[in-house]
Amino acid sequence: MKLAADGDFGEWISVGGNLFYPGYIIKGKERHLMIDAGINMMGPAYLASLKKIFGDQNALDFVFATHSHFDHLGSIPYLKRKLPHLQAGAAGRVGSLMKKQSVLELMSALSELQRRSFQNIAGDEDVHIEAVNFEIHLKEGDRFDLGGATCEVYEVPGHTGDSLAFYIPEIRALFPGEACGIPEGDKDGHVQVEFLSSYDDYVASLEKIIRLQPKLICMGHMWVFTDDDATVFLQRSLEATPRYRELIETYLNAANGDIDSAVQSMAKKEYDEKGTIAQPRESYLENLKAQVRQVALISVR
Ligand SMILES: [Fe+2]
């Protein structure tokens, strides 16, 4: 099934925050972990979810980020201010990025673009993004025993260089961030492809994820796939990836290899005219530019 990322999934997983920015809470018998904490203005919503789920927001031990995008870890500074014992984990590079002033400023600016939609959640709370310490540097093969459920760490670069997927083998649940794309719009079967840092790495990571044969995929935004639909989604995502690359190639060829004009004509046709992509236009354009650059690199090598 393809289900909205909301409520509980079995005894181990509850969704905090909201559909757009789910923070997946793994309720181990001994320790509790949240996977991803979306844009900064969602911070108070995650705290409210923790209170609702555990009766006490301090029950959360760890927050892990799937990758270094502002809409997956923007609330971590807020959560760490509110929960001083909370330990944050991500790929090593994320820890350094989250101390760089230029990165923090960019994240704050991107978040502000969405303020209107999330002001009612942020209220008067101080949700500013500041330099934050990631105590745990996660890498391939790490395992965290939460009590009855284990969180395994897989490196899945391609969407970003620092992308990680988390897997709970006891229930075959996967948290891929955006390493295997995003279901696009409401139509079944369309996948928004997301190879922002490397096409080849992205395909290899997708194949690695498929080999895990997850039965539950908790997507970075909006959706949870279960059972056969999890398998079908991954297969569709793998098939959509070279198709998307070819589509970009046609725009690049028509623009004689000029990246900016290929991006402009593709955004006009694929985003404006089709109108099926839910992502904000600014984010779509940023992602598209990165992907057109990747495809341009492939064609010259
Ligand atoms: Fe992302």
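Predicted model: local features only at pLDDT ≥ 70, side-chain atom pairs only at ≥ 80, totals over all residues.
**Note on the iron site, domains and salt bridges**

1. The four donor atoms around the iron ion subtend angles of 87 to 167°, so their arrangement counts as irregular.

2. Residues are numbered from 1 along each chain as its sequence is written, and side-chain values use heavy atoms, with hydrogens and water left out.

3. The iron ion is coordinated by His67 (NE2), His69 (ND1), His159 (NE2) and Glu178 (OE), at 1.9 to 2.3 Å. Donors are N, O and S atoms within 2.8 Å of the metal (3.2 Å for Na, K and Ca); water is not among the atoms, so the site may look incomplete. Along the chain, the spacing of these donors is H-x1-H-x89-H-x18-E.

4. His67 is buried, at 1%, whereas His69 is partly exposed, at 23%.

5. The protein chain is divided into domain 1 (2-235) and domain 2 (242-300), with bounds from an automatic or database domain assignment. Their contact (heavy atoms within 4.5 Å) takes 13 residues from domain 1 and 15 residues from domain 2. The C-alpha centres of the two domains lie 26 Å apart.

6. Domain 1 and domain 2 bury about 1,200 Å² between them, 59% of it on carbon and sulfur atoms. This is the accessible area (1.4 Å probe) that two parts lose on being put together, summed over both. In domain 1, Phe195, Leu196 and Tyr199 lose the most area to domain 2, together 46% of what that side buries.

7. How many salt bridges link domain 1 and domain 2? The count between them is zero. A salt bridge here is a side-chain nitrogen of Lys or Arg within 4 Å of a carboxyl oxygen of Asp or Glu. The whole structure has 15.

8. Among these, Glu112 pairs with Arg115 at 2.8 Å, N to O. Glu112 is partly exposed, at 39%, and Arg115 is partly exposed, at 26%. Glu273 forms salt bridges with Lys268 at 3.9 Å and with Lys269 at 3.9 Å.

Technical notes: Tetrahedral: all angles 85-135°; square planar, octahedral: opposite > 155°, others 65-115°. Buried < 20%, exposed > 50% of the residue type's maximum accessible area, 1.4 Å probe, protein only.
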